[in-house]
Amino acid sequence: MPTKGQSGLQDVIAASTRLSRVDGEAGRLILAGYAVEEIAPRAEFEQIAHLLWYGRLPDSRELTELTADLSSRRRLPPPTLALLREAARNSVPAMDALRMAAATLSMGRPESPDEDARTLVALFPTIVGAFWRLRNGQEPLEPRTDLSHAEYCLHQMFGGPIGKEQARGLETYLNTVCDHGLNASTFVARVIVSTRSDLISAVTGAVGALKGPLHGGAPGPALDMVFEIGRPERAGEVILSKLARGERLMGFGHRVYRVRDPRADVLAAAAERFYATGGDRELYTLARAVEKVAVRVLAERKPERRLDTNVEFYTALLLHGLGIPKELFSPTFSIARVLGWTAHCLEQLRDGRLIRPKSDYIGPLGLRFESSTANPN
Ligand code: ACO
C-alpha cells in the first residue's frame with residue numbers, strides 16, 4: 001500500500017529533465033538554467049522555445065529563422081476549422097474545443113516529432129482565437145505572419161491594434177508558465193510518448209489533464225472569488241464560509257511548493273506594471289487584500305501544511321487585466337504550456353524509457369465464479 005506521502009506519486013521521481021527545475025522548499029524555478037524571474041520578463045517567447053527544444057538560446061539568425069517558421073504555420077487545416085465551427089455551434093467549453101482540435105492536427109501530415117512540436121505551438125493561438133470568435137458569432141481572423149507569438153495570440157482573440165504593454169504582459173505570462181517540471185499534464189504527455197506514440201496524441205491527452213480545476217482550471221474560479229468578495233472587508237467572511245463548506249480556495253496551495261510559488265511573484269510584478277498604466281486598479285488592490293487574508297486564514301486552518309499563493313491567482317489577475325475573458329484563461333495557459341509539453345516529449349523520445357509504474361492491488365482474492373452469480377437471469 002503506498003504511504004500517504006506517495007499517494008498521487010508525491011515526491012516520486014519519474015523522469016530526468018534538463019528543461020525545468022522546481023525547488024519547492026526554496027520557492028525557486030529554473031528554466032533550462034535561467035531563474036524564471038531573470039528570463040521570463042525579458043525574453044521573447046520564441047527565444048524560450050529555442051531554449052527548451054534545442055537546449056540553448058538562439059543566436060540572431062536562428063531566432064529569425066525560428067520566428068519565421070512558427071509564423072508560417074499559423075493557418076488552420078480545413079478539418080480543424082470545420083470542427084471548431086461545429087464545436088462553437090454546440091457551445092462546448094473552450095478547453096474541450098481545444099482538445100478536439102489538437103487531435104485533428106495529425107490529419108494528412110507525415111509524423112515527425114520536431115515538425116509536430118512546431119506546428120502545435122504555432123497553431124494553438126489560432127485554434128483558441130478562432131474558436132472564441134466563432135462562439136461569439138464572429139468569423140476567425142486571417143493569420144498574420146508579421147506579429148510575434150504573443151502579439152499574434154492577442155490578435156487572434158481580439159483583432160485590432162495590439163498595445164505594446166499588453167503584448168509584453170502576455171509574453172511574460174507565456175514565458176513564466178511554459179514549463180514546470182513533471183506537473184500532471186506534462187506527465188501525461190511523457191507517458192504517452194514513452195510508448196513511442198506521437199506528439200499530437202501526447203498533447204491531446206495533456207490538454208485533457210490541464211483542464212481540471214486542481215491544475216489549469218483554477219484561475220477562473222480564483223477570479224470569481226475575488227469578484228464575489230467585492231470589498232476587502234468582506235474577504236475574511238467569504239473565505240471562512242467557503243472553507244466551512246469544505247471548498248478549496250482556488251489559486252492557493254501547491255503539491256511541490258511549500259513557500260510562495262515564484263511564478264506568482266513574476267506575474268504579480270507584471271500585473272502591477274500593467275495595472276499601473278491602466279486597467280481596474282481597484283480590482284488589483286482588492287485582489288492583494290484577498291490574497292493576504294487567504295494566506296493568513298489557510299495558515300491558521302492548516303498550520304501543518306503551508307498553503308501559499310500559487311501561479312493561478314496572479315494568472316487570473318494578469319489575464320483579466322489584459323482583457324482576456326475568464327473562459328479563455330485555461331486555453332491561454334495551454335498556449336504557453338504546449339511548449340513545455342512538446343519539449344518534454346522530444347526529451348522523452350530521445351532519452352526516455354517506457355513509463356510503466358505498478359499498482360498496489362487492494363481488492364479481494366480467492367472469490368469463486370458461479371455462473372448464476374454472473375448471470376442471475
Ligand atoms: N484551499 C483549502 N484547503 C486546501 C487547499 C486550498 N487551496 N489546498 C490544499 N488544501 C488542504 C486539503 O484540503 C488537504 O486538507 P486535509 O489534509 O484536511 O484533507 C491538505 O490541504 C492537503 O491537500 P492535498 O490535496 O494533499 O494537497 P495536494 O498536494 O494534493 O494538492 C493542489 C495540491 C491540488 C494544488 C491543492 O493545493 C489545491 O487544490 N489548490 C486549489 C486549486 C489550485 O489552485 N490549483 C492550481 C495549482 S497550480 C497549477 O496546477 C498550475
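**Note on cysteines and a helix pair**

1. The sulfur of C345 lies 14 Å from the closest cysteine sulfur, that of C178, which is too far for a bond, since a disulfide is a pair of cysteine sulfur atoms within 2.5 Å. C345 has a relative accessible area of 0% and is therefore buried (buried means under 20% relative accessible area, exposed over 50%, and partly exposed in between, with a 1.4 Å probe and protein chains only).

2. This is a predicted model, in which local features need pLDDT of at least 70 and side-chain atom pairs count only at pLDDT 80 or more, while totals for chains, interfaces and linings use all residues. Residues are numbered from 1 along each chain as its sequence is written, and side-chain values use heavy atoms, with hydrogens and water left out.

3. The structure as a whole holds zero disulfides. C178 is in no disulfide, and the cysteine sulfur nearest to it, that of C153, is 13 Å away. C178 also counts as buried, because its relative accessibility is 0%.

4. Helix α8 (residues 164–177) packs with helix α15 (residues 311–321) at an angle of about 160°, their axes being 11 Å apart. Helices here are DSSP runs (H or I, at least four residues), numbered from the N terminus, and axes are lines fitted to C-alpha atoms over the stretch in contact, with angles from 0 to 180 degrees between N-to-C directions. The angle makes α8 roughly antiparallel to α15, a word used for angles over 145 degrees.

5. On the α8 side, the contact (heavy atoms within 4.5 Å) is made by G169, L170, Y173 and V177, and on the α15 side by V311, T315, L318 and L319.

Note on methods. Helices (H or I, at least four residues) and strands (E, at least two) are DSSP runs, numbered from the N terminus. Angles under 35 degrees count as roughly parallel, over 145 as roughly antiparallel, 65 to 115 as roughly perpendicular and the rest as oblique.
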